Amino acid sequence: MKRATSLFYNFLILTGTSLALQTASLLFRAWFARKLGAEGLGLFQLTVSVSVLGVTLATSGIRLTATRLAAEELGAHRPAGARAAVRSCMIYALVFGLGAMTLLNLGAARIGADWLHDTRTVLSLRIFAFSLPFISLSSVLGGYLIAAHRAPAAAAGQIFEKLTEVGCGVGLLRLWLPLGHEYACAAIVLGSAVGEAASFLLLLALCRAGRTRDGAPDAAPNLTRRMFRIAVPLAFGAYLSAVFRAAEQLLIPYGLKKSGSTATAALSAFGVIHGMVLPLLLFPAFLLGAVLELILPELAGSLEAGHTRRLNHIVERMFRIGILFSMCVMWVFLRFSGELGQFVSHSADAGSLIRDLAALTPFFYLDLIVDMILKGIGEQVSTVKHNLLTSVLNALALYLLLPRYGITGYLAAAYFTKILNFILSFGRLARVTDLSVSMTGVVKSILSIIAATGLADLLTGLMPTAATPASMLSQILLVVFL
């Protein structure tokens, strides 16, 4: 009971922090978008597109690796092993962080001129490069704090990072904005880099302050080998994901233009899908992300300690929660697709795409859960294989279907590959655990949503209000509560 209470409080802390930080990020982005204007914002987004690849290379799967290793050692009552795991992961993170920093610094001029076709991005890229080692090292420390059930400390690092980033960004932007868009973007990137460095120093201090000294110094066997066995498949999968994501972003406008759309219409459709619809459909994932980050150490610790029954219990509970959660999310997007489309983009096309993809959301969220569980129990190679296969099939489907069927071809490719990925991942999870799906649980979830929706419609019908975003949000929250 004490462990369950601790997990619940940690979940509240991580969820509240995530929601607050996402809100702060949106407000900060809206502020500097007004300051930069359309051209400056576009220049900043070019830098962001490269920074994602830089972070992928710098971290190379180390956060999840640090969490897994530390949780296994702590689960086996080897605190000295957990500290040794953190040291090994810090060396790994430093090597990859410095390597990514060096590559980005050396290639900034070439990337700005040849890839992004705007040399004004070079200064921002070089500044961002210096933040990569701090991002990588902070990933290790944050992963360890989660494994040690110290969510408040991990949240403190995230909050301090955001406060420093916003404070420095606002101050520097006010100073450098008169110098032009190049220096204005560099001001925001420099503020972010200072925030990353400050967060690393705080997390390091918190980890050192809370460490214990008990445990034998040789209590962690084969740590380096175990680290690479976890990190290498995760890094490889992250690299492939980044490459195929970039390929998909190129194939969609290309295929839509081949289908007969103008270049402007193709880019507009691409912007609606990737800039509005998909981020909105995946926005509730921050709730699941907090749960999964906390459950991962429980899975790794139970596996290391040989508590098979507890492991199977956690897996079953997570899957049952995922079914109810994903059904609820699907209902929200089906019920309010038109209103949400108008709210996020004042576009009927966005509402139509939200409705068309809403039925896919259970597979999005359940696949996220299954994928994290597999990684938590040492099946990361399986997830890489599944993701590689479905990514190749998705790219092939987009290449073949988009020129002939347009948006319908995109929807067909999305449904086929996401459902296939879930089937493969679920099949693997069912083979390595005792997980089985109860249709009674699925029916209960559906009936719960139907009953809550009917009661919410009845209650809101008795108190008619104007159709505003606030009334829509209140009805959604009412259904979730019921």
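What is the handedness of the crossing of α6 and α7? The crossing is right-handed, where right-handed means that the near helix is turned clockwise from the far one by less than a right angle, and left-handed that it is turned anticlockwise. The model is predicted, with local features needing pLDDT of at least 70 and side-chain atom pairs pLDDT 80 or more, while totals for chains, interfaces and linings use all residues. Residues are numbered from 1 along each chain as its sequence is written, and side-chain values use heavy atoms, leaving out hydrogens and water.

Helix α6 (residues 151-176) packs on helix α7 (residues 181-209) at about 155 degrees, with the axes 7 Å apart. Helices are DSSP runs of H or I with at least four residues, numbered from the N terminus; axes are lines fitted to C-alpha atoms over the stretch in contact, and angles run from 0 to 180 degrees between N-to-C directions. α6 and α7 are therefore roughly antiparallel, a label for angles over 145 degrees, just as those under 35 count as roughly parallel.

Helix α7 also packs with helix α4 (residues 122-129), at about 10 degrees and with axes 8 Å apart, so α4 is roughly parallel to α7. Leu123, Ser124, Ile127 and Phe128 of α4 make the contact with α7 residues including Tyr183, Val189 and Leu190, contact meaning heavy atoms within 4.5 Å.

Turning to another pair, the axes of α3 (residues 79-115) and α5 (residues 132-147) come within 7 Å and cross at roughly 160 degrees. These two helices are therefore roughly antiparallel, and their crossing is right-handed. Among the contacting residues are Val86, Met90 and Leu104 of α3 and Pro133, Val140 and Tyr144 of α5.

Definitions and conventions:
Parallel < 35°, antiparallel > 145°, perpendicular 65-115°, else oblique.
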